[in-house]
Amino acid sequence: MSRRLIAGTAGLILMAVAAHAQGPRLDSPGAQLPGPSLGGQTDPGTPPSVPADSSTPELIVDLSRARVSITSAFQGESILMFGMFDPPGEIVVVVAGPAARETVMRKERFLGLWLNTGRQSFDDVPAYYAIAASQPLQRLLARGAGGEILSLEDRLSTIKAIGPRAPAELAKFRSGLVDVKRQEGLYPAAIGQVTVQAGRLFRVDLPFPSRLPEGVYDVKAYLLRDGKIVAAVSRPLPVGKVGFSAQLAGWASNEGALYGLGAILMALVAGWLGGAVMRRL
Amino acid sequence: MEIYLPIAEQSMNVFVLLGLGAAAGLLAGMFGVGGGFLATPLLIFVGIPPAVAVASQVNQVVANSVSSLQVQWRRGNVDLRMGLVLLLGGMAGSSAGVWLFTWLKRIGQIDFVIALLYVIMLSAIGLLMLAESVRTYLKRRRNPESPRGKLHTHYLVHRLPLKLRFYKSKLYISALLPVGLGFVIGILSAILGVGGGFVMVPAMIYLLGMPTAVVIGTSNFQILFVAANVTFLQAATNGTVDVVLALLLILGGVVGAPIGARLAARLPGVVLRGLMAVLILAVAAELLTELLRTPTSRFSLGSREVLP
């Protein structure tokens, strides 16, 4: 009885120690990295409600993490963008992944079997594209904000098709591209909601799926007033593999032959040892 | 528990992958085939890009065959001479196969070719094996003490030139036959991500007329080197070998193989072959349905090209 009690207490202490050790580590990666300070200086001592002087910007933003790290446990990640603005106004956040050439393939039935018969390449296709707004986007843009803020449809209307094809056909391929990207979670269909608190604080969750192309993403926040952009702050968000996965992917693409030999060696050793061990059991 | 696969560039459940490896290992142990013909389509079904599935599965085949070869070699079940002649064709075939794979991938037809080849191969072999084992089973039931016939039937192919004597296999056949067989298996290995045992074993028994005892060991010997060659070439030219994925499949296979071997020891050969035929046909049917069914999305994306 008493022994059990002691074991229980020891367990509790261990758990407490572990929790303590973990606590700061959990939320530090974003904070520890030198967060690019954008939108000027923020003095934590100044009450946010009173803009101290004219040099205080109208829009201040930050991200909960300075980068998206694709580790071996990566399952997608949600990044929080938060900030403060001078009321009145509405906030729109646009996240765009790096642009690249994408090739869309279309299947058709041939002798009863479905196979790729058509292909169309597009240049300048963003790897990822999401918009979040504090009010329905249509209403905000209808008031004439237009210009720089592009809905996904507007953004994709500018991608350049490679080679000649009838406009109607191109439109089909373009919508096919959106469908595939949407399924992969790279063009989130639902426009995210920017939550505004106390009339001047805002926050928005930016969801990134597990299958995320690498590169430097651009997260841009706009402050709109009467349908016009009065302030915009852009934050680069690097997305990349780190640690073991980065190492492996790097070897695979740069040292293909060596990587292949390593893979063979790994398989030989694992197969040999595995076979020997399992036969003993 | 999810794990990120660095080359497939997505996360996957660890246990799904271990289970797939174990299923492949079970088959390997039971039938002496790599199990790749089952694991590769399943990897594609769970969403691994076909190019990565094929290249990583072939890496698993290396482990699988070295592990089986350990036993077969000790038992003296490897016809080294036959193995080397097969390998001659196998190396050439697998190198050609990787080149073909790269070309098909570039023109965007690799997924279709993989599926179609699987359907053709699996249904042909499955039907042949099923018919054979049913026939044998019925014959034995009708006449349990049937007299032993010739060692093997003589076909036209036995009249080809360049005859070689294979003592262990008790064969005197043209070397062109095993070289050609090795070449075809090599191509299959590269494109389908399999060792090719499921084609090789029946071909050795029915086409070459090798005694069943040395078939598995000898095919394992050739598969080991062909799979290593494909792994190397895929990694060097396409960069599609995912070692994390391969390692998980290997770990699963290590557990599955001895269980399969023990099961095989308890079941008579005819039943075993019949079971395998049914399994092969089931995979073929599933793949054919995939090809025939109207896809949910008619569009798909090729690889992204980041322009400088």
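Me: How many salt bridges does the rule find across the interface of chain B and chain A?

Reply: A salt bridge is a side-chain nitrogen of Lys or Arg within 4 Å of a carboxyl oxygen of Asp or Glu. Across this interface the rule finds one. B:Glu9 and A:Lys241 form a salt bridge through their side chains, at 2.9 Å, N to O. This is a predicted model: local features need pLDDT of at least 70, side-chain atom pairs count only at pLDDT 80 or more, and totals for chains, interfaces and linings use all residues. Residues are numbered from 1 along each chain as its sequence is written, chains are lettered from A in the order in which they are written, and side-chain values use heavy atoms, with hydrogens and water left out.

Me: What area is buried between chain B and chain A?

Reply: The size of an interface is often given as the accessible area lost when the parts come together. Buried area is that loss (1.4 Å probe), summed over both parts. Here it is about 5,000 Å². Carbon and sulfur atoms give 62% of it.

Me: How many residues does the contact take from chain B and from chain A?

Reply: Contact means heavy atoms within 4.5 Å. Chain B gives 58 residues and chain A gives 61 residues.

Me: Is A:Leu273 buried or exposed?

Reply: Buried means under 20% relative accessible area, exposed over 50%, partly exposed in between (1.4 Å probe, protein chains only). A:Leu273 has 52%, so A:Leu273 is exposed.

Me: Where does A:Leu273 lie?

Reply: Helices are DSSP runs (H or I, at least four residues), numbered from the N terminus. A:Leu273 is in helix α6 of chain A, residues 256-280.

Technical notes. Helix = DSSP H or I, 4+ residues; strand = E, 2+ residues; numbered from the N terminus. Buried area = accessible area lost by both parts, 1.4 Å probe.
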